[in-house]
Amino acid sequence: MLRLYLRMHFEHVIGQDFLKAHLIQSAERGRIPHAQLFIGSHGSGVLPMAIAYAQYILCSITKEQESARKKACETKFSQLTHPDLHFVYPVATTDKVKSHPVSTHFAAEWREFVKNNAYGSLYEWYQHLGIAKKQGQIGVDEAADLVKTLSLTSYEGGYKIIIIWMAEKMNTAAANKLLKLIEEPPKNSLFLLLAEEEEQILETIKSRCQVLHFPKLSEVIIAQALIERLGVNSDMAQHLAHQADGNYNQALHLLNKDAGDAQFEAWFIQWVRTAFQAKGNKKAVLDLIYWSNTLASEMRETQKNFLQFCIQFFRQALLLNYGAEELVYLETGDHFDLAKFAPYVHGNNIREITEELEAAAYHIERNGNAKIILTDLSIKLTRLLHKKSA
């Protein structure tokens with residue numbers, strides 16, 4: 001992965017100009033909601049935007065104040081060590097932290113992760129932390145730590161800013177404690193909740209937040225960033241931006257050929273081919289069960305990411321089937337022809353296919369038996385792929 005140096009001024013956040021203008025205007029007018037919810041994928045820039053917003057608030061000074069103070073503040077931000085900026089993120093036990101893990105136990109690892117790529121995904125964070133085989137969460141111990149932090153006076157006399165990354169990973173106990181803090185916020189406290197899945201945020205929390213939705217980045221914006229920041233030539237940048245589907249992090253992975261999609265594609269192709277053959281074919285059914293057991297041996301985060309990949313693959317096939325070629329960004333290898341597969345994905349089965357994939361991901365997220373979940377999904381896929389279009 002190419003290193004991304006941490007320069008969290010607004011002008012260095014990719015795209016999202018409308019949201020930048022809104023946040024700057026709110027800060028300049030002194031009308032800063034004490035609880036805000038940023039909704040968007042990691043690749044759209046929710047985390048770098050939140051950090052830039054926090055820096056803008058905490059490092060703003062008047063003309064009467066010396067420039068040295070502002071420079072010192074920006075230096076602290078460049079290292080993510082400002083004493084009034086606090087991060088909360090999903091964690092789990094490790095060899096180093098064997099019980100009651102909280103974010104402060106992993107502060108050094110977090111700073112390194114964000115400095116390398118502030119657009120990184122939850123799965124990449126788990127990999128960085130060495131907990132990819134576990135289900136990270138934001139637990140009640142984290143909420144208790146947060147209460148203690150907010151009970152103290154800010155170091156520099158202004159705001160205390162709490163950035164909660166992947167807020168949907170809060171368990172119920174933590175969410176209820178956070179709700180109480182948001183309902184009765186300590187003086188000069190600012191909560192920035194960042195989430196990818198809005199529906200997983202408690203409605204009582206969401207109703208008390210100002211909600212900002214981050215759209216996917218345009219191909220033009222991603223290509224421009226690749227050219228200006230990484231020196232990618234124009235043709236390659238445009239090609240990568242098209243494949244990235246609005247996700248700058250995905251563009252970086254594609255550039256460095258470490259997206260992991262090649263393995264996902266191989267699994268997917270084997271899966272759908274076996275599912276086609278499984279109707280009335282005992283050997284193919286056994287092969288389908290073997291495939292399910294093989295995937296079940298992978299890490300749960302890998303399984304969930306693969307199921308999301310499958311949803312996108314089926315949607316791309318649907319678009320191609322209905323003649324929307326300009327929206328198709330997926331490129332498959334020579335061993336699989338998307339155009340030949342596309343007619344089997346249509347309006348009469350796409351909804352059920354998507355629902356079954358989402359249900360499987362949901363149950364895997366909640367530690368269901370992966371072998372049973374994936375085998376059941378595979379048998380259902382056999383039926384759905386043979387379903388006739390209306």
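These legends describe close-up views of helix packing, a pocket and a cavity in a predicted model. Residues are numbered from 1 along each chain as its sequence is written, and side-chain values use heavy atoms, without hydrogens or water. Because the model is predicted, local features need pLDDT of at least 70 and side-chain atom pairs count only at pLDDT 80 or more, while totals for chains, interfaces and linings use all residues.

**View 1. Helix H1 packs on helix H2.** H1 spans residues 17-28 and H2 spans residues 46-58; helices are DSSP runs of H or I, at least four residues, and strands are runs of E, at least two, numbered from the N terminus. The angle is about 25 degrees, and the axes are 10 Å apart. Axes are lines fitted to C-alpha atoms, for helices over the stretch in contact, and angles run from 0 to 180 degrees between N-to-C directions. H1 is therefore roughly parallel to H2 (under 35 degrees; over 145 counts as roughly antiparallel, 65 to 115 as roughly perpendicular, the rest as oblique). Leu19, Lys20, Leu23, Ile24, Ser26, Ala27 and Glu28 of H1 meet Met49, Tyr53, Tyr56 and Ile57 of H2 (heavy atoms within 4.5 Å).

**View 2. Helix H14 packs on helix H16.** H14 covers residues 300-321 and H16 covers residues 350-365. Their angle is about 170 degrees, with axes 9 Å apart. H14 is thus roughly antiparallel to H16. Among the contacting residues are Leu307, Phe314 and Arg315 in H14, and Ile353, Leu357 and Glu358 in H16. By class, the contact has 11 nonpolar, 2 polar and 5 charged residues (Ala, Val, Leu, Ile, Met, Phe, Trp, Tyr, Cys and Pro count as nonpolar, Asp, Glu, Lys and Arg as charged, the others, Gly among them, as polar).

**View 3. The second largest pocket has a volume of about 470 Å³.** Of its 23 lining residues, Leu85, His86, Phe87, Thr104 and Thr149 are the closest to the centre. Strand S2 (85-88), helix H4 (107-116), helix H6 (140-151) and strand S3 (160-165) each give two or more lining residues. The lining divides into 12 nonpolar, 7 polar and 4 charged residues.

**View 4. The largest cavity has a volume of about 60 Å³.** On a 1 Å grid over the protein atoms alone, a cavity is a set of points where a 1.4 Å probe fits but cannot get out; a pocket is an open set with protein on both sides within 12 Å along at least five of seven lines; lining residues have an atom within 4 Å of a point. Grid points are joined across faces, edges and corners, and a volume is the space filled by probe spheres set on the points. H6 gives the largest share of the lining, 3 residues. Val88, Ile138 and Met170 are among the lining residues.
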